[in-house]
Amino acid sequence: MTDHVPAVREALEIPGAAALARTSDAHRMLHWSGAVRSPARRFIKNEILAKISLQGLAAMAEFLEPIVLKERMVLQEPKKPLDYVYFVESGLVSLRIVAAGSVLETAVIGHGGAIGAPLLFGPHLATHQSVVLFAGSAHRIRVEDLRLAMREHSEIQEHLLRYVHALSLHCAQTGLCGVRHDRERRLACWLCLASDALDADVLPVTHDYLSSVLALRRAGVTETLIRFEERGLISKTRGVLRIEERTSLEQKACSCYKLISGAYATSEPAISAIDP
């Protein structure tokens, strides 16, 4: 995997055209739609890091370390301190509660998020387990180094706190969704949220996994996905699901989808709501 951190440092330290000249072709291919960004941002995929000023990014750059996220890698365990905060660049991480041998997923985190961010503002022991669902990459930083950067640049704390508010709403809304919404709307919601987090329409996910983390019967999951496929919303092969009609799938999802995606889009606190 390309080591992005030295490139971040170079772009921050070398002014103007010189910095652009140092940016590799691979970096130039990574762009942000709708805006022209500085060379230091062209290859930053994580949305939290992308919002931080160049001064704040420079304070973090020497501590950031690229890491490959391998499938089933455990990034945090409940009731254990976290050494690193992981800014996800690609792939998908499942945030889940594990109790009495059962697993309940409360959120999926992709390039818009950071694993371990809530621990910066509350208890120092994790309450959730974070497991890599789809392989990808991230930049990690030691908690103490990130806290130092936050003290020096308050905007870093502000961006992280806004993200934590959105993630908290996501987790709470998932709990409400599980008891108030039917299987079809919950599955549609999960597929849309996972697609957003992964930034892709192809999801390497199985019926067994969806059944497990959503606490649904496998037969019911299979039945619902068959209906989705018959309506042209998705197509699936063994272990892979592709979203074909995204707008129609969103219309099938419960109100939780718009509420959660809206909270992440604005990174501002939102009020939880449920369908009547």
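Guide: What follows is a set of questions about labels, each answered with a value and a cut-off.

Guide: This is a predicted model, in which local features need pLDDT of at least 70 and side-chain atom pairs count only at pLDDT 80 or more, while totals for chains, interfaces and linings use all residues. Residues are numbered from 1 along each chain as its sequence is written, and side-chain values use heavy atoms, with hydrogens and water left out.

Visitor: What makes glutamate 184 and arginine 227 a salt bridge?

Guide: A salt bridge is a side-chain nitrogen of Lys or Arg within 4 Å of a carboxyl oxygen of Asp or Glu. For glutamate 184 and arginine 227 the N to O distance is 3.4 Å, so the pair meets the definition. Glutamate 184 lies in helix H8 (residues 183-198) and arginine 227 in helix H10 (residues 218-230), 43 residues apart. Helices here are DSSP runs of H or I with at least four residues, strands are runs of E with at least two, and both are numbered from the N terminus.

Visitor: Why is glutamate 184 called buried?

Guide: Buried means under 20% relative accessible area, exposed means over 50%, and partly exposed is in between (1.4 Å probe, protein chains only). Glutamate 184 has 17%, so this residue is buried.

Visitor: What other salt bridges does glutamate 184 form?

Guide: Arginine 231 forms one with glutamate 184, with the closest N and O atoms 3.5 Å apart. Lysine 252 forms another with glutamate 184, at 3.8 Å from N to O. Lysine 252 is in helix H11 (residues 246-252), 68 residues from glutamate 184. Salt bridges that share partners join Arg183, Glu184, Glu223, Arg227, Arg231 and Lys252 into one network.

Visitor: Why are the buried residues of H6 said to be on the same side?

Guide: In helix H6 (residues 143-152), the buried residues are Val143, Asp145, Leu146, Ala149 and Met150. They cover an arc of only 160 degrees around the axis, so they sit on the same side of H6. The arc is that of the directions from the helix axis to the C-beta atoms. On the other side of H6, Arg151 and Glu152 are exposed.
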